[in-house]
Amino acid sequence: MPPLQNREADKRMAVSRADIDAILATFEASDWRTIHLKADGVEVMLSKDGGEVTPPAPPPAATAAPPQEPISEQPGPNTADATHDGVEVFAPSLGSFYRAPKPGATPFTDVGTRVSKGDDLCLIEVMKLFTSVTAPCDGVVAAILADDGDLVEHGQPLFRIAPHDQASS
């Protein structure tokens with residue numbers, strides 16, 4: 001029996017020319033200086049600086065202790081940053097922001113909705129691949145900071161959640 005990841009890869013859709021054209025158009029219209037995407041065996045590296053683009057170094061191994069100060073760099077997937085107004089949840093990648101699992105469906109959450117750690121908040125879609133963004137803590141959705149269908153950037157704040165202890169006071 002083939003490994004699970006090979007079976008999963010067989011289910012993926014191929015990246016089309018239209019997908020690549022859409023990536024190029026998005027990159028050209030953005031203020032991003034470089035981009036590196038890898039999906040379905042296709043790797044795209046672009047730069048507006050005219051130099052050679054090299055893939056980023058692999059991320060460092062995760063540490064057990066969370067950072068003690070607010071994150072000043074762009075956050076990674078499903079990360080959150082505590083603020084005085086609650087916990088901000090950031091986009092794990094660039095892509096289209098969707099509040100519901102499919103067009104016309106009920107949104108995953110609304111302002112005022114009580115959520116539990118791990119609940120789906122939204123989907124981010126890039127090149128027909130969807131990433132769930134989940135609640136980092138128990139609490140109440142205090143703000144939704146992007147509109148349905150918006151193109152969001154990596155690290156862009158999407159939600160603010162008042163943690164359970166703040167929400168009940």
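## Strand pairing, cores and confidence

Strand E7 (residues 120-126) pairs with strand E8 (residues 129-134) in the antiparallel sense, over 6 bridges. Strands (E, at least two residues) and helices (H or I, at least four) are DSSP runs numbered from the N terminus, and two strands pair if DSSP finds at least two bridges between them. The model is predicted, so local features need pLDDT of at least 70 and side-chain atom pairs count only at pLDDT 80 or more, while totals for chains, interfaces and linings use all residues. Residues are numbered from 1 along each chain as its sequence is written, and side-chain values use heavy atoms, with hydrogens and water left out.

**The sheet around E7**

The bridge partners in E8 include Ser132 for Leu123 and Val133 for Cys122. E7 also pairs in the antiparallel sense with strand E5 (residues 95-98), over 3 bridges; here Ser96 of E5 stands opposite Glu125 in E7.

E7 is mostly covered, with 5 of its 7 residues buried. Buried means under 20% relative accessible area, exposed means over 50%, and partly exposed lies in between (1.4 Å probe, protein chains only). Contact means heavy atoms within 4.5 Å. Beyond its neighbours within four places in sequence, Ser96 is in contact with Leu123, Ile124, Glu125, Asp150 and Leu151.

**The turn between E7 and E8**

E7 and E8 form a hairpin with 2 residues between them. Met127, in the loop between E7 and E8, has a positive phi near 55° although it is not a glycine. Lys128, also placed in this loop, has a positive phi of about 65° and is likewise not a glycine. Most residues other than glycine have a negative phi.

Strand E4 (residues 86-90) has 5 of its 5 residues buried, so it is largely enclosed by the rest of the structure. Its pairing with strand E11 (residues 157-163) is antiparallel and runs over 4 bridges. Within this pair, Phe90 stands opposite Pro157 in E11.

A nonpolar core is a set of buried Ala, Val, Leu, Ile, Met, Phe, Trp, Tyr and Cys residues joined through side-chain atoms within 4.5 Å. The largest such core has 17 residues, of which Phe97, Leu158 and Phe159 touch the most other members. E4, E7 and E11 each supply at least two residues of this core. Aside from neighbours within four places in sequence, the contacts of Phe159 include Val87 and Val89, Phe97, Leu121 and Cys122, and also Val141, Ala143 and Ile144. A second, separate core of 10 residues includes Val15, Phe27, Ile35 and Leu94.

**Individual residues**

Gly139 is found in strand E9 (residues 139-144). The structure holds 0 disulfides, where a disulfide is a pair of cysteine sulfur atoms within 2.5 Å. Relative accessible areas of selected residues follow.

| Residue | Relative accessible area | Class |
|---|---|---|
| Ser96 | 17% | buried |
| Cys122 | 0% | buried |
| Met127 | 15% | buried |
| Lys128 | 42% | partly exposed |
| Cys137 | 17% | buried |
| Gly139 | 0% | buried |

**Confidence**

The pLDDT is the predictor's confidence in each residue, from 0 to 100. Its mean over the chain is 75, and 65% of the residues reach 70 or more. Confidence in the chain is lowest in helix H1 (residues 4-11), with a mean of 48, and highest in strand E6 (residues 114-115), at 96. Over residues 1-10 the pLDDT stays under 50, and the model has 2 contacts beyond four places in sequence for this stretch. Residues 61-80 also have a pLDDT below 50; that stretch has 21 contacts in the model beyond near neighbours in sequence.
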